[in-house]
Amino acid sequence: MKKIALTSLLAVFAISGAHAANVIDGNPLYMPKAGHAYSVTNLGSHSERTEAWRLNEEFGYGVSDKLTINVATTLRDEQSFDQWGWGELKLGAAFRALDMGAIKMDLIGAYTVDPVWGNHRPFLEEDDTVYTWTVGVRAGYTSGNFTIAGKALFNYSGAESFNWDDEGIHKWILGLDAQFVINNNLNLVAGAEYTGITDDGAKNAGIWKGEFGVNYNLDATKFVGAYINGTMRHATGDWEWDDGFGFGAKFGIDF
């Protein structure tokens, strides 16, 4: 009887740990199970200009337990809700190349068109549209109450989809995200991201972005969150903070 009780207790903990790793609650290593889809909606301002708003929608689908495809798009306003436009449209995929219990690693790829339409810009205007290819890796450690994940991405942006010459813009994006679970309902998240340009004439340019947020789990498949963010950047001189802080709210669901 004691052995049965102990075995049952261990099974409960094992199931709980596996479930916690896949619950959509703001975890930076979240990935939907096969046949599941997810949606994350984010409305927020940016610290570089608090009058500028972004409404971002990301939708993804688990092709298998290891492969997820996703599409994301953004509506953005540049001045107090008066100049809304259809910003970026991104198609992406993530493949879980390593899954050793608490340790996980994903290979990431994406293709982005920006802008799509808006702010008096015609659809796919040749002189105004930027096409970006992204490849990279995300890896980290996740437990029942703590997750930390790092990412390294490389972006190539150009005026044409397949223009691979030196006229494009090359960027490295390095980031670190963490989550601390307080209880079944509340968790804290924080992250920092650096974007640097590697091209001649702009090698000293860079941007640091930081974010802190609180998520509330409505249940195992839905959460809401509130966030603040700040940006620090430099071109060729000293680092300077952007005026003000951005803030926003998120809603996520797995179905």
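Colleague: Which residues does Ser39 touch, not counting residues up to four places away in sequence?

Modeller: Ser39 touches Ile24, Glu57, Glu58, Phe251, Gly252, Ile253 and Phe255 on that count, where contact means heavy atoms within 4.5 Å. A caution before going on: this is a predicted model, where local features need pLDDT of at least 70 and side-chain atom pairs count only at pLDDT 80 or more, while totals for chains, interfaces and linings use all residues. Residues are numbered from 1 along each chain as its sequence is written, and side-chain values use heavy atoms, with hydrogens and water left out.

Colleague: Is Ser39 buried or exposed?

Modeller: Ser39 is buried, with a relative accessible area of 13%. Buried means under 20% relative accessible area, exposed over 50%, and partly exposed in between, with a 1.4 Å probe and protein chains only. Ser39 lies in strand E1; strands (E, at least two residues) and helices (H or I, at least four) are DSSP runs, numbered from the N terminus.

Colleague: What does the side chain of Ser39 make a polar contact with?

Modeller: With the side chain of Glu57, at 2.6 Å. A polar contact is a pair of N or O atoms within 3.5 Å; within protein, one must be able to donate a hydrogen and the other to accept it, and residues adjacent in sequence count only if both atoms are side-chain atoms.

Colleague: Next, the core. Which residues are in the largest nonpolar core?

Modeller: Seven residues: Ile24, Tyr30, Tyr38, Val40, Val189, Phe223 and Tyr227. Strand E1 (37-46) and strand E12 (222-234) are the elements that give two or more residues to this core. A nonpolar core here is a set of buried Ala, Val, Leu, Ile, Met, Phe, Trp, Tyr and Cys residues joined through side-chain atoms within 4.5 Å.

Colleague: What is Tyr227 in contact with, leaving aside its neighbours within four places in sequence?

Modeller: Val189, Glu211, Phe212, Gly213, Asn215, Gly246, Phe247, Gly248 and Lys250.

Colleague: And Met232, where does that lie?

Modeller: Met232 lies in strand E12. Not counting residues up to four places away in sequence, Met232 touches Gly206, Ile207, Trp208, Trp239, Glu240 and Trp241. Met232 and Lys209 are 6.4 Å apart in space, C-alpha to C-alpha, and 23 residues apart in sequence.

Colleague: Step back a bit. How many helices and strands does the protein have?

Modeller: One helix and 14 strands. Buried residues make up 34% of the 255 residues.

Colleague: How do E7 and E8 pair?

Modeller: Strand E7 (residues 130-142) and strand E8 (residues 146-158) pair in the antiparallel sense over 12 bridges; two strands pair if DSSP finds at least two bridges between them. E7 and E8 form a hairpin with three residues between them, and Val137 stands opposite Ala152 in E8.

Colleague: What about E8 and E9?

Modeller: E8 and strand E9 (residues 169-181) pair in the antiparallel sense, over 12 bridges. The bridge partner of Thr147 in E9 is Gln179. The side chain of Thr147 also makes a polar contact with the side chain of Thr142, at 2.7 Å. Thr142 is found in strand E7 and counts as buried at 8% relative accessibility.

Colleague: Salt bridges, then. What does the count come to?

Modeller: Five, taking a salt bridge as a side-chain nitrogen of Lys or Arg within 4 Å of a carboxyl oxygen of Asp or Glu. One of them joins Lys104 and Asp99, with the closest N and O atoms 2.7 Å apart. Lys104 counts as buried at 7% relative accessibility, whereas Asp99 is partly exposed at 40%.

Colleague: Which residue does Arg138 form a salt bridge with?

Modeller: Asp106, the closest N and O atoms being 2.7 Å apart. Arg138 lies in strand E7 and Asp106 in strand E5 (residues 103-114), so the pair ties together parts that are 32 residues apart in sequence. Asp106 counts as buried at 0% relative accessibility.

Colleague: And Lys222 with Asp219, how far apart are they, N to O?

Modeller: Their side chains meet in a salt bridge at 2.9 Å. Lys222 is partly exposed, with a relative accessible area of 25%, and Asp219 is partly exposed at 33%. Salt bridges that share partners also join Arg96, Asp106 and Arg138 into one network.

Colleague: Last one. Which residues does a cis peptide bond join?

Modeller: Asp114 and Pro115, with omega about -5°. Pro115 is found in the loop between E5 and strand E6 (117-118).
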